Amino acid sequence: MVNKAAIWGAALAASVVAQDTCTVVEERTAINVLKPLTINYNDEQTHYWSTFSGDLKPTCILQPETPEEVAAIVSILRDNNETFAIKSGGHNPNNYFASVDGGPLISTAKLNEIIFNPKTETVRVGPGNRWDEVGAQLDATGYTVVGGRIGNVGVGGYLLGGGLSFMSTEYGWAANSIIEFTVVLANSSIVTVSETSHPDLWMALKGGGNNFGIVTSYLLQAYPQGDVWGGNLEFEATPEKTAALLNAVRNFTENYTDGKAGIIMTAERTLSTLLDIWIFFLYYNGPEPPKGVFDEFLAVGPTINSCKTQRYSDLLSGNNWAVLKGSVYTIGTETMPLPSREDGPEVMQSIYDHWVNVSDTVKFVPGLIASIAFQPLPKGLATIAKSKGGDMIDVDDDIDRIVVELDYSFLFKSDFDKIDSTMRATYDGIGDLVKGYQQSGKLPSDVYLPLFQNDGFYPQDYFGRLRPEKLQLAQKVQAEVDPDGFWRDRTGGFKIPSK
């Protein structure tokens with residue numbers, strides 16, 4: 001005789017397994033679930049820097065408020081095979097890194113604690129914050145943390161990618177100031193990760209991306225902070241000024257005698273290249289920079305100079321003008337050794353000219369804005385990073401480097417494939433130029449040139465450019481904390497290659 005109860009029980013069990021994550025979370029938990037076509041769902045999707053990411057449609061948006069709620073979501077996800085994504089601030093423009101189409105999106109917006117402890121000089125920060133929010137809350141304490149240079153950048157992805165800060169030449173990568181992570185692992189357990197508790201995972205998380213778990217809070221070292229000086233300079237990109245500025249950033253990187261100084265030097269071309277300018281982001285950790293720190297740049301003659309003494313939080317929020325919402329946005333990177341003073345003019349100009357020539361091929365793409373940023377990575381940053389326990393990036397202090405950031409923004413998704421190939425041509429060409437100059441002796445050869453994850457384009461080989469021992473560590477830790485490939489197979493991001 002057929003056991004009807006057993007049949008019904010099996011059918012019920014199958015239906016539970018077959019149910020999507022959104023339905024099960026709503027039925028079994030009190031976690032906030034945002035559904036498509038609702039105001040809050042639509043608003044959450046507008047927070048991406050790239051409209052392409054925002055146009056991807058998750059089946060729902062889950063907003064956990066505690067590590068336990070994150071663990072509950074992970075437990076439910078393990079019972080199905082849905083793809084999903086975790087979103088902090090939404091500033092990463094690579095599709096599927098922090099966005100998803102047809103699966104649940106885990107938003108960390110409600111994991112937004114900012115708790116300052118004056119006795120230990122630490123701050124516990126949730127990944128749902130943006131850096132201007134962190135800066136504003138800490139402003140009255142006289143302390144701050146090492147974070148993003150543009151306030152609208154989210155905390156989570158920035159820290160897991162390493163984090164380059166205005167303060168990095170004082171305190172290292174932002175990841176070097178992480179004392180402790182609270183992490184939900186693939187088996188739904190909640191662990192505290194530090195130098196003494198799960199030390200391999202602690203290292204892997206400092207530049208290892210989203211491969212090991214969902215971080216629900218970071219305990220960060222805080223540093224005394226008073227008024228700062230900073231703002232923007234704008235220059236016309238004439239041949240003479242461009243040559244002078246490229247030379248100035250080379251000199252600045254080599255002669256980095258004051259760690260309190262920070263700079264991003266960015267060239268911008270838009271309106272079918274009718275607008276061709278340089279925009280600088282300057283920072284000094286003090287009310288006024290000493291004479292000589294930025295003099296070589298100022299001597300070139302900016303057309304606009306907004307630099308002033310201000311609160312650090314105001315500087316971060318003031319830099320938010322650089323976030324161009326309403327466009328599809330792509331980002332890529334390359335790392336180069338710093339050329340000598342003798343070879344600097346030729347090498348730096350060739351990098352810039354290559355970018356100009358490639359960006360010219362797409363200058364009539366509607367709404368196109370092309371930019372290249374030269375970001376100093378001096379020896380001193382590497383020294384500080386090692387003194388604070390190191391990280392996955394693991395740069396040495398044998399040479400100075402420049403991290404090149406590349407950006408293309410444009411209006412329509414239909415042009416993505418064209419810009420995709422343009423971005424690849426841009427960073428591949430820079431890489432080829434670097435190799436050529438190394439072969440000719442005009443750049444140091446046999447040097448370590450990792451990619452900066454936060455600026456990486458989705459096909460770039462971040463882990464393949466790390467030191468072999470760091471790649472092996474990532475593989476070892478992944479095998480320990482994610483043996484079934486839960487994060488590897490179900491989420492986007494830079495993936496660890498198999499052994």
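The second largest cavity in this predicted model has a volume of about 110 Å³, where a cavity is, on a 1 Å grid over the protein atoms alone, a set of points where a 1.4 Å probe fits but cannot get out, and a volume is the space filled by probe spheres set on the points, which are joined across faces, edges and corners. Its lining is made of 14 residues, among which S165, Y256, G262, I263 and P376 lie nearest the centre, a lining residue being one with an atom within 4 Å of a point. Two or more of these residues come from each of α8 (168-171), β13 (261-270) and β18 (369-377), and β13 gives the most, with four residues; helices (H or I, at least four residues) and strands (E, at least two) are DSSP runs, numbered from the N terminus. By class, this lining holds eight nonpolar, five polar and one charged residues, with Ala, Val, Leu, Ile, Met, Phe, Trp, Tyr, Cys and Pro counted as nonpolar, Asp, Glu, Lys and Arg as charged, and the others, Gly among them, as polar.

The largest cavity holds about 450 Å³ of space, and 25 residues line it, with I86, G156, G157, L160 and N210 nearest its centre. The elements that each give two or more residues to this lining are β3 (85-87), α7 (155-160) and β10 (214-221). Here the lining divides into nine nonpolar, 15 polar and one charged residues. Counting cavities of 30 Å³ or more gives six.

Residues are numbered from 1 along each chain as its sequence is written. Local features need pLDDT of at least 70 and side-chain atom pairs count only at pLDDT 80 or more, while totals for chains, interfaces and linings use all residues, and side-chain values use heavy atoms, with hydrogens and water left out.

Note on methods
On a 1 Å grid over the protein atoms alone, a cavity is a set of points where a 1.4 Å probe fits but cannot get out, and a pocket is an open set with protein on both sides within 12 Å along at least five of seven lines; lining residues have an atom within 4 Å of a point.
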